[in-house]
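Thanks, everyone. Let me put the model up, and then I'll walk through it.

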Amino acid sequence: MWRCREKFSPLQYALSSSLLPCCCFSSHFKAPFSSHCHGKGGGAAAGARNEKLRVFIVAGEPSGDLIGSRLMASLRRLSPRPLQFAGVGGNLMKREGLVSEFPMEDIAVMGVAELLPHLVRIWVRLRQTVTAVMDFRPHVVVTVDAKGFSFRVLRSITDAYRRLGVSRPPLVHYVAPSSWAWKGGENKLKNLADTLDHLLCILPFEAALFKAHGIKATYVGHPVLEDAFTSVATGENPAHCRWWIKGSKSCSRQDFGLQSGSTVVCVLPGSRAQEVKRMLPLFESALDLLADKVPMLTAIIPTAPSHVITDAVTEAVKAWKTPNILLPYASEKDKYSAFAASDVSLCTSGTAVLQLQMARVPTVVAYRAHPLTEWLIKSRTKLHYISLPNILLDSPVIPEALFADCTPEQLFTLLRQVLEDSEVKEQQAKAAEQVLSMLVPPQQSVLESTGSLRSVENVFDWRPSMAAAATILTSLQIDKT
């Protein structure tokens with residue numbers, strides 16, 4: 001068995017992994033993207049017939065687990081040859097056949113100060129991941145989001161193969177780092193091309209930015225749009241229904257046993273343990289204030305499909321004064337049912353903001369972190385907002401309570417404003433349609449790419465994970481069988 005001999009320390013990992021601009025590592029080795037060898041005697045290239053395509057895939061947090069699971073399903077659908085998966089992921093990727101090397105929660109940490117207590121564990125998991133890659137001998141390695149961990153894994157893989165004197169497998173990263181958001185962020189991209197063969201971008205302006213820095217990049221659409229193609233959809237073709245997942249408010253409320261006349265707040269505290277621990281007490285206090293002004297207030301709380309998050313939320317809400325309905329290990333269908341029943345949402349900044357826009361739920365966004373992390377964000381970012389809809393529109397369409405301003409009193413004020421002001425609700429609905437239309441994958445390129453591998457029956461296959469899978473498979477230049 002190959003063993004990782006990486007020469008970095010946990011402290012070096014901490015300095016290169018955080019909310020800060022993407023960490024870029026130098027390497028003087030780069031293999032052709034179309035094929036690679038394994039070991040001193042060489043091995044089968046990705047185009048060899050009658051061989052399973054081995055895909056090593058790594059996701060480091062619940063949102064990445066969802067993206068990774070959908071990518072795995074689309075790869076299986078499009079690949080002309082059978083697939084074999086290995087790597088790191090959560091419950092959703094496990095359902096697609098992945099046997100995770102270790103619990104994904106072990107590396108689901110974001111922020112500088114938040115990372116410090118977990119350095120040794122994450123460092124050990126990093127070494128374990130690289131060892132697993134070398135033992136698996138993949139045809140391609142795909143990392144999903146979680147750039148701090150992902151880019152260190154990719155750099156370590158490159159170094160390991162270089163030490164062996166053989167070419168490495170193609171390295172693909174899905175969800176581009178937000179270097180455009182940070183002061184000096186673009187200057188740190190110059191070495192990324194030496195570590196990465198292809199970058200799958202989820203925002204329309206990113207591909208051109210990375211290509212300008214010598215990084216091969218493809219825009220594949222935002223993963224949240226995939227929700228419109230799952231069982232939560234109404235049956236309408238989402239390409240023609242303004243990316244709107246409609247649900248019956250009355251039916252959803254009846255399913256949850258809500259009384260007529262209730263005011264319902266959907267509470268989304270985050271998908272990482274440190275987020276939940278920090279945000280839930282703020283949300284609890286804000287709802288206590290709101291309950292004094294709004295009769296029959298009820299909270300619906302879907303939790304991420306993680307036992308760590310679900311257990312933490314379950315324990316915390318036991319003492320809440322505000323009546324609440326907990327949806328443990330919430331599926332996407334559960335989550336959108338909760339959205340349909342809600343009048344407003346209180347949401348920690350993240351992917352859930354776009355999901356709420358898909359359901360047209362009026363939203364208030366909140367975010368707190370460790371004081372050191374907050375100081376670094378405020379001093380290094382070029383942005384005025386934290387939620388993607390506001391960033392794309394360069395406008396505070398969705399109210400945000402950030403850092404020191406994220407107090408129970410401010411959250412109460414914003415929630416009450418959104419609940420009572422019909423104009424605010426209408427503005428958010430119009431903004432949702434505009435933002436989501438900006439995040440659609442380019443139809444023609446998707447159809448052409450997928451058609452070159454396996455025929456696409458209809459436009460219903462025009463989805464981000466299909467575009468991502470098609471890009472990976474066509475780049476590997478797999479022979480048809």
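First, a term for the sheet: two strands pair if DSSP finds at least two bridges between them. Helices (H or I, at least four residues) and strands (E, at least two) are DSSP runs, numbered from the N terminus. What you see is a predicted model, where local features need pLDDT of at least 70 and side-chain atom pairs count only at pLDDT 80 or more, while totals for chains, interfaces and linings use all residues. Residues are numbered from 1 along each chain as its sequence is written, and side-chain values use heavy atoms, with hydrogens and water left out.

Start with E10. On one side, E10 is joined to strand E11 (residues 363-367) by 4 bridges, and the two run parallel. Leu346 has Val364 of E11 as its bridge partner. E10 also pairs with strand E7 (residues 263-268), again in the parallel sense, over 4 bridges. There, Cys266 stands opposite Ser345 of E10.

How does the chain get from E10 to E11? E10, helix H12 (residues 352-358) and E11 form a right-handed β-α-β unit.

Now burial. Buried means under 20% relative accessible area, exposed means over 50%, and partly exposed is in between, with a 1.4 Å probe and protein chains only. How many residues of E10 are buried? 5 of its 5 are, and the strand is mostly covered. In a regular strand the side chains alternate between the two faces of the sheet. In E10, Val344, Leu346 and Thr348 point one way, Ser345 and Cys347 point the other way, and all are buried.

Next, salt bridges. The rule: a side-chain nitrogen of Lys or Arg within 4 Å of a carboxyl oxygen of Asp or Glu. The count comes to 15.

Pair one sits beside E10. Asp343 bridges to Arg253, with the closest N and O atoms 2.6 Å apart. Asp343 is in the loop between helix H11 (332-341) and strand E10 (344-348), and Arg253 is in helix H8, so the pair ties together parts that are 90 residues apart in sequence. Both Asp343 and Arg253 are buried. As for the network, salt bridges with shared partners join Glu61, Arg272 and Glu275.

Pair two is Arg463 with Glu226, where the closest N and O atoms are 4.0 Å apart. This one links distant parts of the chain, 237 residues apart. Arg463 is in the loop between helix H17 (443-451) and helix H18 (464-476). Glu226 is in the loop between strand E6 (217-219) and helix H8 (249-255). Buried or exposed? Arg463 is buried at 14% relative accessibility, and Glu226 is buried at 4%.

Glu96 is in the loop between helix H3 (91-95) and helix H4 (112-115), and Arg76 is in helix H2 (residues 62-78), so the pair ties together parts that are 20 residues apart in sequence. Both ends are partly exposed: Glu96 at 23%, Arg76 at 38%.

That brings us to H2 itself. Of its 17 residues, 13 are buried, so H2 is largely enclosed by the rest of the structure. What about its length? The expected span of a helix is 1.5 Å times one less than its number of residues. For H2 that gives 24 Å, and the end C-alpha atoms are 24 Å apart, which agrees.

H2 also gives the most to the lining of the second largest pocket, with 5 residues. H2, H3 and H11 each supply at least two lining residues.

Last, some loop residues. Ala146, between strand E3 (140-144) and helix H6 (147-164), has a positive phi, near 45 degrees, and is not glycine. Ala146 is buried, at 16%. Tyr329, between strand E9 (324-327) and H11, also has a positive phi, near 50 degrees. Tyr329 is partly exposed, at 39%. Ser260, in the loop between H8 and E7, is exposed, at 73%.

Notes
A crossover is right-handed if, with the strands pointing away from the viewer, the path from the first strand over the helix to the second runs clockwise.
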